[in-house]
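Morning, everyone. I have one structure to show today. Please look at it while I talk.

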Amino acid sequence: MAPSLIGLLPFGLVCGVGAQSAGASPGEALGMSALIFSGAAQILACQLMAAKAPLTVTILTCFVIGLRFLMYSAAMAPYMKPLPERWRHAVAFLLTDQAFAAAVRRFRDSGDTRNGASYALGTGVLLWATWQVSCTVGYWVGNVIPGAWSLEFVVPLCFLALLVPALEDGPTRVAALAAGIAVVALDSLPMRLSLICAGLVGIAAGLIAEARQRGG
Amino acid sequence: MSSAYGWWIVIVVVGLLNYLSRLSFIAVFAKVEMPPLVAKALRFVPAAMLMAIVVPAVVFSSPGALAFSYTNPKIVAALAAAAVAWYTRNAVATMTLGMATLWIVQWMR
């Protein structure tokens, strides 16, 4: 949990700097981090708004990059089923890459859904609060951090730390390998469709690998 | 064509679309039984999606410019960080050593 928070700080700083340099007002910057609550979508929105792209293009691109939430939602669904509806809506609003990775591992380790669900909700609230603070700090003072420090590289490192424990057996490794190759091969697709397509390729490869393993 | 409300239109619409994406299957599978193939496929979501997020941030030196070579400091740093993650399962150590490697390799070139 704590590591995700540490990874979030530089990510939020980068998003805050992006909002500031794209010309968002302080209120708009805060609205973005509070309601969109997705670093990837926020950075894209800032780039496209700064480039004066049509609003429909900006909205559509941010929507496509958020399609991965459909998969996270499906993967969380079995654990959310016994919960009251209000809880499910709250966990959904707070669902991010980090919260998803942390919660799924937690659910799998402890069979106790109630315990797992409060963990998911608590994690989500903590990540959301941290995100508001780091984006706001980035907006006001982020540009004093020298670019040569490449602080934004903490973001993929944080995801890497979440990825490695997910490589638990042969088929999951095949899934990751296929997704990694696909995301580079499909990079020229418009609107960052490469991300969701590579995810689907990886999942298909994992299923095939699992079927073959069982077959022979 | 960004009007005075351009930012707020983007914020509210994308915020709403993101929320609906996040809620989608949590809501659906609360009422409908999950098909067995979907249930089997979900196990691969973390491995596939996290890899698809990590790889572009490491192998592209700038958007669209593939830098798949040992002279790309980010690849060296990511491999070092992956090794740390594999052996320690410690995220703070992974990020710290990954950043340290990046700075050392950048400084050496």
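Predicted model: local features only at pLDDT ≥ 70, side-chain atom pairs only at ≥ 80, totals over all residues.

Start with helix α9 of chain A, residues 154-166. How far apart are its end C-alpha atoms? They are 19 Å apart. At 1.5 Å a residue, the 13 residues should span 18 Å, so the two values agree. Now, burial. Buried here means under 20% relative accessible area. By that cut-off, 13 of the 13 residues of α9(A) are buried, so the helix is largely enclosed by the rest of the structure.

Next, the second largest pocket. It holds about 520 Å³ of space. The lining counts 22 residues, and the closest to the pocket's centre are Leu160(A), Met51(B), Val55(B), Ala78(B) and Leu79(B). Which elements give two or more residues to this lining? From chain A, they are α9 and α10 (170-185). From chain B, they are α3 (45-59) and α4 (73-88). The most comes from α4(B), with six residues.

Last, Thr61(A). This residue sits in helix α4 of chain A, residues 55-65. Is Thr61(A) buried or exposed? Its relative accessibility is 7%, so Thr61(A) counts as buried. Where does the side chain reach? It comes to 2.7 Å from the backbone oxygen of Val57(A). Beyond its neighbours within four places in sequence, Thr61(A) is in contact with Leu44(A), Leu48(A) and Met191(A).

That's my tour. Over to you.

Conventions
Residues numbered from 1 in each chain as written. Chains lettered and ligands numbered in written order. Heavy atoms only, no water. Helix = DSSP H or I, 4+ residues; strand = E, 2+ residues; numbered from the N terminus. Expected span 1.5 Å × (residues − 1). Buried < 20%, exposed > 50% of the residue type's maximum accessible area, 1.4 Å probe, protein only. 1 Å grid on protein atoms, 1.4 Å probe; cavity = no way out; pocket = protein on both sides within 12 Å on 5 of 7 lines; lining within 4 Å. Points joined across faces, edges and corners; volume = space filled by probe spheres on them. Polar contact = N/O pair within 3.5 Å; in protein donor to acceptor, adjacent residues only side chain to side chain. Contact = heavy atoms within 4.5 Å.
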